[in-house]
Amino acid sequence: MSNLLKKLNRHYLILASILFLTFVLRFPSLFEPFWYGDEGIFAAVGRNLNFGGVLYQTSWDNKPPMIYVTYAAIFKFFGVSMFWLRLTTAVFVLATATAIYEIARQVLGKNRALLAAFIFGVLTSLRLIEGNLALTEIFMILPITLAMLFAIKRNFDYLSLFGAGILFAVASLYKQVGALEAAALGIFLFLASKNLAEFIKKGLALSIGFTLPYMATVAYFAPKNLVGDYIFAAYTYYRIYLGESP
């Protein structure tokens, strides 16, 4: 029993060390001045929301709404500061690394789980790939990871798939490609289900969960006559954006 406790303590000490290393790698970013344009745009829109503005009406950018809501919440509760913005981002990364560890522990075993957490922590903290910035990708990964963790922990039952659908939708409201993760889980369910009826029921649970955040989003913009503006800004605008890109 004592040997088992020692092994567990050693294992979690390694995990804690990985998380601490991840924070150390991100620590310099807490004191960087503003230097990246997208963060400035998100901050400007978030501040506008805090001053009573309306997204896609008094301020506009070509992203889904969650990134602006997140910036607005950080500024409202902690003040307008790059320090708090980057510290919140670091907390998101550490939470995601922990969730990835839990997923990998369930699927691959404890040692590989530690490796997965280490790889994620290091790669998402490199300035070389802009991992230290408070961008949509960093915030998107946490709800995706929690969705998969919830589903795996409960063995893909209906409740977990419903909850996963909600989390996938939240992720896609940070960055549109988050929806692809829901599609990936749907493909897995198709391959893993015992029969077509089971797949349809589980797919329905996932789909209903995914739909709810979008229903809430549309319900918010509809009374303001901004549904079309929201769809253009977050989705159809990209036809223009990609057409202008080299």
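Reply: Ser 29 sits in the loop that joins helix H1 (2-26) to H2; helices here are DSSP runs of H or I with at least four residues, numbered from the N terminus. With a relative accessibility of 4%, Ser 29 counts as buried, a word that means under 20% relative accessible area, with exposed being over 50% and partly exposed in between (1.4 Å probe, protein chains only). Leaving out residues up to four places away in sequence, Ser 29 touches Arg 86 and Asn 132, where contact means heavy atoms within 4.5 Å.

A quick word on what you're looking at: this is a predicted model, so local features need pLDDT of at least 70 and side-chain atom pairs count only at pLDDT 80 or more, while totals for chains, interfaces and linings use all residues. Residues are numbered from 1 along each chain as its sequence is written, and side-chain values use heavy atoms, with hydrogens and water left out.

Now hop over to Thr 136, which belongs to helix H6. Thr 136 is buried too, at a relative accessible area of 2%. Apart from residues up to four places away in sequence, Thr 136 touches Phe 42, Lys 63, Ile 67, Tyr 174 and Lys 175.

H6 also pairs up with H7: their axes come within 8 Å and cross at roughly 170°. Those axes are lines fitted to C-alpha atoms over the stretch in contact, and the angles run from 0 to 180 degrees between N-to-C directions. H6 and H7 are therefore roughly antiparallel, the label for angles over 145 degrees. Among the residues that meet are Met 140, Ile 144 and Phe 150 from H6, and Leu 159, Leu 167 and Phe 168 from H7. The contact is made up of 14 nonpolar residues, two polar and no charged. For that tally, Ala, Val, Leu, Ile, Met, Phe, Trp, Tyr, Cys and Pro are nonpolar, Asp, Glu, Lys and Arg are charged, and the others, Gly among them, are polar.

Another pair is H8 (residues 178-192) and H9 (residues 196-221), whose axes are 9 Å apart and meet at an angle of about 165°. H8 and H9 are therefore roughly antiparallel as well. On the H8 side, the residues in contact include Ala 182, Leu 185 and Phe 190, and on the H9 side they include Phe 199, Lys 202 and Phe 210. The H8 and H9 contact has nine nonpolar residues, one polar and two charged.

Leu 185 turns up again in the largest nonpolar core, which has 46 residues: along with Tyr 56, Tyr 71 and Phe 168, Leu 185 touches the most other members. A nonpolar core is a set of buried Ala, Val, Leu, Ile, Met, Phe, Trp, Tyr and Cys residues joined through side-chain atoms within 4.5 Å. The helices that each supply at least two residues of this core include H3 (66-78), H4 (82-107), H8 and H9. H6 gives the most, with eight residues. As for Tyr 71, its partners beyond four places in sequence are Glu 39, Phe 42, Ala 43, Gly 46, Leu 85, Ala 134 and Phe 139. There's a second, separate core as well, with seven residues, including Leu 15 and Tyr 101.

Last stop: Phe 78, in helix H3. Phe 78 counts as partly exposed, at 44% relative accessibility. Past the residues up to four places away in sequence, Phe 78 touches Trp 84 and Thr 88.

Terms used: Parallel < 35°, antiparallel > 145°, perpendicular 65-115°, else oblique.
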